[in-house]
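These are my notebook entries from a first reading of this structure.

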Amino acid sequence: MRARRVLRAGPPAEVIKGPVARRRKAERDLFADPMPDRVEPCLAKLQSRPPIGDDWAFEVKWDGYRLAIHIAGKRVRIITRGGYDWTSRFPTIAHDALELGVDSAILDGEAVVLDERGASDFGALQKALGGRGGKRFASEARLYAFDLLYLNGHDLREQPLSERREMLADVLAAQPHGSIGLSEEINADGAPFLKLACEMGLEGIIAKRRSAPYRSGRGGDWLKVKCVQTESFAIIGYEPSAAAIGGIGRLLLAARQGKGLAYVGGVGTGFTHTSGLALKKQLDAMIVDKPPAVMKNRKGVRWTRPELVAEVAFRAWTDDGKLRHASYKGLREEADEASVYKLI
């Protein structure tokens, strides 16, 4: 028997009138698992190469905001990785979630905006939301759902991923919508899939253990393998330039080291005129006299409080611990639990 038949909810109480309706609702509530207000997400551990074995499933690594979609009756909540309620910022996803025809559910997925190639574009998503701390909503964003944690009164987290994915596919197939889709498993071995993803200019791939239950945190059942390294770094200042886009010649970046920050180099590409001007305005409101990180003082730099966190793509680390071929992708939100990269 397919799992979805077991977990399908009974007829809505409104269809059955009077005492019978109240009794059936009470019976459903008696045997239902409590629906969690929030589930700490399962996180992927970084690995240099894809794992091998039949128990591993592979997906595209999406570059957006991790979201949990909570559906309870006629109410939807969209919760970020950091626990913030962003329902109002993803109105299309919230609307379409109510059309899935479930009594209750928690979907785990990634909200993205796609570029002309069909690849996720973190910068475009940030622009749609109005930048870090912005108040705009991203009606053009779509959700790639990759897990189902709760369905119609049943907590599914102890079920293996393969069964959760089967139920998720059934839920999404029942009423397909443009803004909510399934993050498809790719029927390929990890190594050739990673090679193809890199050739297509994607960020990387995700590997997940099919037999594993859902476990919050970075336990190793989910792995990420990247084509280009991307990490989050604190902005500690910038070099102004009248000739550069937006007036920023280079951002100076730092990683966590011990109880402080250590300088890891700079980034001078990846800005647009608009994003550069907006970022410079934010940084100019955070000017300080001394560098916030351990490093030699430099002339002409405007040092800033290390409150903004930049998402940066780079190819490698230099021998002296600096970023090689770095490119700015955007600012990370506090709501997205933007943790600054930690040096080992």
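This is a predicted model: local features need pLDDT of at least 70, side-chain atom pairs count only at pLDDT 80 or more; totals for chains, interfaces and linings use all residues.

I first looked up H325 and found it in the loop between strand 17 (323-324) and strand 18, where helices (H or I, at least four residues) and strands (E, at least two) are DSSP runs, numbered from the N terminus. I noted that H325 has a positive phi of about 55° although it is not a glycine. Most residues other than glycine have a negative phi. H325 is exposed, with a relative accessible area of 60%; here buried means under 20% relative accessible area, exposed over 50%, and partly exposed in between (1.4 Å probe, protein chains only). I then turned to N152, which also is not a glycine and has a positive phi, of about 45°. N152 sits in the loop between strand 6 (142-151) and strand 7 (154-155), and with a relative accessible area of 16% N152 is buried.

Residues are numbered from 1 along each chain as its sequence is written, and side-chain values use heavy atoms, with hydrogens and water left out.

I counted seven helices and 18 strands in the secondary structure of the chain. Of the 344 residues in the chain, 47% are buried. Taking contact to mean heavy atoms within 4.5 Å, I found that residues 24 or more positions apart account for 68% of the contacts with a separation of 6 or more. The chain exposes about 17,500 Å², and carbon and sulfur atoms supply 52% of that area, with accessible areas coming from the Shrake-Rupley method with a 1.4 Å probe; for residues, only the protein chains shown count as cover.

I looked for rings of Phe, Tyr and Trp (its six-membered ring), which pair if their centres lie within 6.5 Å; planes under 30 degrees apart count as stacked, over 60 as edge-to-face and the rest as tilted. By this rule there are eleven aromatic pairs. In one of them, the rings of F233 and Y341 have their centres 5.7 Å apart and their planes at 50°, so I recorded the pair as tilted. This pair links distant parts of the chain, since F233 belongs to strand 11 and Y341 to the segment after strand 18 (327-331), 108 residues apart. F233 is buried, with a relative accessible area of 0%, whereas Y341 is partly exposed at 23%. Ring pairs also join F233 and Y341 with F314 and W317 into a cluster.

I placed F271 in the loop between strand 13 (260-267) and helix 7 (273-284), and at 9% relative accessibility F271 counts as buried. Leaving aside neighbours within four places in sequence, F271 is in contact with I245, I248, L251, G276, L279 and Y328. The C-alpha atoms of F271 and Y328 are separated by 6.6 Å, although the two residues are 57 residues apart along the chain. In helix 3 (residues 91-98) I listed I93, A94, D96 and A97 as the buried residues. These buried residues pack against strand 3, strand 4, strand 5 (104-112), strand 6 and strand 8 (180-182).

On a 1 Å grid over the protein atoms alone, a cavity is a set of points where a 1.4 Å probe fits but cannot get out, and a pocket is an open set with protein on both sides within 12 Å along at least five of seven lines; lining residues have an atom within 4 Å of a point. Grid points are joined across faces, edges and corners, and a volume is the space filled by probe spheres set on the points. The largest pocket holds about 900 Å³ of space. Its lining has 37 residues, of which A44, K61, R81, R218 and K224 lie nearest its centre. Strand 11 gives the most to the lining of this pocket, with four residues. I also found one cavity of 30 Å³ or more in the whole structure, and the largest cavity holds about 80 Å³.
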